[in-house]
Amino acid sequence: MVQRKRLRHIHARSDLFEGLPDDMVISILCKLSSTARCPSDFINILITCKRLNRLGLHPLVLSKAGPETLAVRAKNWSHHAHRFLRQCINAGNTEASYILGMIRFYCLQDRLTGGSLMAKAAIKSHAPALYSLALIQFNGSGGSKAEMLQRAGAALCARAAFLGHIDALRELGHCLQDGYGVRQNVAEGRRLLVQANARELADVLRSFRPISFNPLTWQSLNQRGNGFVIGSPSDARKGIGCGLWSDFGCTSPEREVHPANRFLVGWFELRGGGPGHGLRLCSFSGCGRPEARIGEFRRCTGCGKVNYCSRGCQALDWKIRHRVECAPTEQWMDQEDSEEEPEEEDEEVQGENEEAW
């Protein structure tokens, strides 16, 4: 009797579901695909029944899929994962176009197709795609050193910065300070750097939940040394958090890494930690970009042991890790008479200077 009641209850629920119109189910699946926290949240729906599988692969649902829904792990990469991303791209999903473009350009070494996919996303004002294309132009990735296009890189950075991309805003600020790809304007470059710092701090404050963080209370904003630590009191005592690239002397939880960069990091970890053939990875652990040609990335002139694909990765890695490992400034002062001293930029990035291209 109990088993019969359960079966009747299951049939009643299935009948209610079957009574829902397709448009309503598609609307629900669109919301799910855009807010899923991992691919399995969406895949579990597709394998539930034939109807959900059919409606879940509707172009409207695939076009709304968010970056975390498309966050394929490198160890799970397969023909089926590639086909799913292609389906999303055909449905007009810019995130899928950017993620697959990064995978094909840097991991599969298909520069033409990868660059075209990123350009397709950039045309639709996808800020990370614009910034990645800017780095490709700055570094001459996939070509020779003579193919570095400074003005094109600066223009792409300006567009990404206008859309609110913090790394692009910082890169553009340094371009203006150094006259790299644009007419030199030190004051305007400094203003953009301060603006990037302010936006970064605002993003950090918005990322905290009201239950666990209240910026108006001293319990969450604790003075530590000459700055502040954003987090719980226990985290402040333990020193948990990473430095902002700012003049504000703040530390905060590390920024979330884009799924495309997470894929790159995992891909090269599975292959021995590097692309091979004398090429190097960006030393910032959250980037994952490899060199497309030998000597493409800049290296730290303080120690010469690390290299970066961009100013953004250099600044973040300096605040998180490298400032502890790099040669101290006093060592440079002692060697002033015997060898050329590395150039200093300003107090904000002192010690994190790199070779020019």
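Buried means under 20% relative accessible area, exposed over 50%, and partly exposed in between (1.4 Å probe, protein chains only). The model is predicted, so local features need pLDDT of at least 70 and side-chain atom pairs count only at pLDDT 80 or more, while totals for chains, interfaces and linings use all residues. Residues are numbered from 1 along each chain as its sequence is written, and side-chain values use heavy atoms, with hydrogens and water left out.

**Exercise 1.** State which residue forms a salt bridge with Asp22, and where the two residues lie.

Solution.
1. A salt bridge is a side-chain nitrogen of Lys or Arg within 4 Å of a carboxyl oxygen of Asp or Glu.
2. The partner of Asp22 is Arg54, with the closest N and O atoms 3.9 Å apart.
3. Asp22 belongs to helix H2 (residues 22-35) and Arg54 to helix H4 (residues 50-56), so the pair ties together parts 32 residues apart in sequence. Helices are DSSP runs (H or I, at least four residues), numbered from the N terminus.
4. Asp22 has a relative accessible area of 32% and is partly exposed; Arg54, at 48%, is also partly exposed.

**Exercise 2.** Classify Arg104 and Asp110 as buried, partly exposed or exposed.

Solution.
1. Arg104 and Asp110 form a salt bridge, their closest N and O atoms being 2.7 Å apart.
2. The relative accessible area of Arg104 is 18%, which makes this residue buried.
3. Asp110 has 21% relative accessibility and counts as partly exposed.

**Exercise 3.** Find which residues are joined with Asp22 into one network, and give the count of salt bridges.

Solution.
1. Through salt bridges that share partners, Asp22, Arg51 and Arg54 form one network.
2. The count is nine salt bridges.
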